[in-house]
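Here is a short report for someone meeting this structure for the first time. Take a look at the model, then read on.

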Amino acid sequence: MDSSSILYNQLKTAEPFFVLAGPNVIESEEHILNMAKHIKAITTKLGLPLVFKSSFDKANRTSSKSFRGPGLAEGLKILERVKTTYDIPIVTDVHETIQCEAVGRVADIIQIPAFLCRQTDLLVAAAKTGKIINIKKGQFCAPSVMANSAEKIRMAGNENVMVCERGTMFGYSKFKPSVFNKAMPHMKGAKCKSYVYDSMPIKVLYGYRVDNYDLIVDPRNFEWMREANCPVVADITHSLQQPAGRKLEGGGVASGGLRELIPCIARTAVAVGVDGIFMEVHNDPLNAPVDGPTQWPLRHFEELLKELMEIA
């Protein structure tokens, strides 16, 4: 049996669940090695199988000014250093077919980003590496779609696939009163009312509340995604993103998030009975260059995992 199949079977049979965890993006070799050391120490202590996660390039950013990472070549060198130094498997994401072969030489799990979960050429190229493929469910997709995405992997000759829930987006946004008509020029002059909810002004137009770009996590999806006939993973951090929900000092916007609700989503996922937990962890989330609002503090990592193990 090849190494990918061995790892896949170990993850499938993990009790009470396996963990995919690490910082959102590679900031530096020193930082990523330090994070890997601490995360592995905690999961080993708790007896949880770990696959270390970080990205070499965050291609799907809200703003062009956002930090993206070191890039493919340098990023893979750093991830390979993590893998050999701490003897842990690696998961990282790809965005283009041309990245798959190189990533497959280092990563043990290749992750397909949510926005690309239906991209047949990318799925097939990733599958042909022979590595485990983790497909994130698109924020725009019904859970049943994942059965089709997983089947594309199998049709390419790779049985080692898993699917990951990360919330559903309905596309409503919050507009300030001063820019409401500018943001919606076709509705100039439309009558609307202003309300205050938790000290936050909210505009209501013809009875529809216009709110943040929140993602909704439907626990039923964890069950429905089993139609894909493979392990189901819960992304408990990206599920609480608020895309374009935070203004940057230098202009533009970035993703916000609801870090305080990560334990809530995590408890729900393990109570339903997911096979794995995906979470982004950082030693200093407030100063993380990317997705700080939805990265879980390293100092609370062990505490949360212990609680989840008790629930599972």
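## Terms and basis

A residue is called buried when its relative accessible area is under 20%, exposed when it is over 50%, and partly exposed in between (1.4 Å probe, protein chains only). This is a predicted model: local features need pLDDT of at least 70, side-chain atom pairs count only at pLDDT 80 or more, and totals for chains, interfaces and linings use all residues. Residues are numbered from 1 along each chain as its sequence is written, and side-chain values use heavy atoms, with hydrogens and water left out.

## The chain as a whole

The protein chain holds 10 helices and 16 strands. Both are DSSP runs, numbered from the N terminus: helices are H or I with at least four residues, strands are E with at least two. Of the 312 residues, 53% are buried.

Contact means heavy atoms within 4.5 Å. Among contacts with a separation of 6 or more, 69% join residues 24 or more positions apart.

## Helix H2

Helix H2 covers residues 29-46, 18 residues in total. From first C-alpha to last it reaches 26 Å, close to the 26 Å expected at 1.5 Å a residue. The expected span is 1.5 Å times one less than the number of residues. Just after H2, Gly-47 takes a positive phi of about 75 degrees.

Several residues of H2 are buried, including His-31, Leu-33, Met-35, Ile-39 and Leu-46. Their cover includes strands E1 (18-22), E2 (50-53) and E15 (276-282), along with helices H3 (72-86) and H10 (301-311).

## Ile-42 in H2

Ile-42 lies in helix H2. Is Ile-42 buried or exposed? Its relative accessible area is 12%, so Ile-42 is buried. Beyond its neighbours within four places in sequence, Ile-42 is in contact with Leu-298, Phe-301, Glu-302 and Leu-305. Glu-302 is 260 residues away along the chain, yet the two C-alpha atoms are separated by 6.1 Å.

## Two helix pairs

Two packed helices are described by the angle between their axes and the distance between the axes. Axes are lines fitted to C-alpha atoms, for helices over the stretch in contact, and angles run from 0 to 180 degrees between N-to-C directions.

The axes of H2 and H3 come within 10 Å and cross at roughly 35 degrees. Contact residues include Ile-32, Leu-33 and Ala-36 of H2 and Ile-78, Arg-81 and Val-82 of H3. By class, this contact has 6 nonpolar, 1 polar and 4 charged residues. Ala, Val, Leu, Ile, Met, Phe, Trp, Tyr, Cys and Pro count as nonpolar, Asp, Glu, Lys and Arg as charged, and the others, Gly among them, as polar.

Helices H5 (residues 120-127) and H6 (residues 145-155) pack at about 45 degrees, with axes 8 Å apart. That makes H5 oblique to H6. Angles under 35 degrees count as roughly parallel, over 145 as roughly antiparallel, 65 to 115 as roughly perpendicular, and the rest as oblique. Thr-120, Leu-123 and Ala-127 of H5 meet Ser-149, Lys-152 and Ile-153 of H6. This contact has 3 nonpolar, 2 polar and 1 charged residues.

## Backbone exceptions

Most residues other than glycine have a negative phi, and most peptide bonds are trans. A cis peptide bond joins Glu-15 and Pro-16, with omega about 5 degrees. Pro-16 sits in the loop between helix H1 (3-12) and E1.

Asp-87 is not a glycine, but has a positive phi of about 50 degrees. Asp-87 is in the loop between H3 and strand E3 (90-93). With a relative accessible area of 65%, Asp-87 is exposed. Asn-229 also has a positive phi, near 55 degrees. Its place is the loop between helix H8 (220-224) and strand E12 (232-235). Asn-229 is exposed, at 64% relative accessible area.
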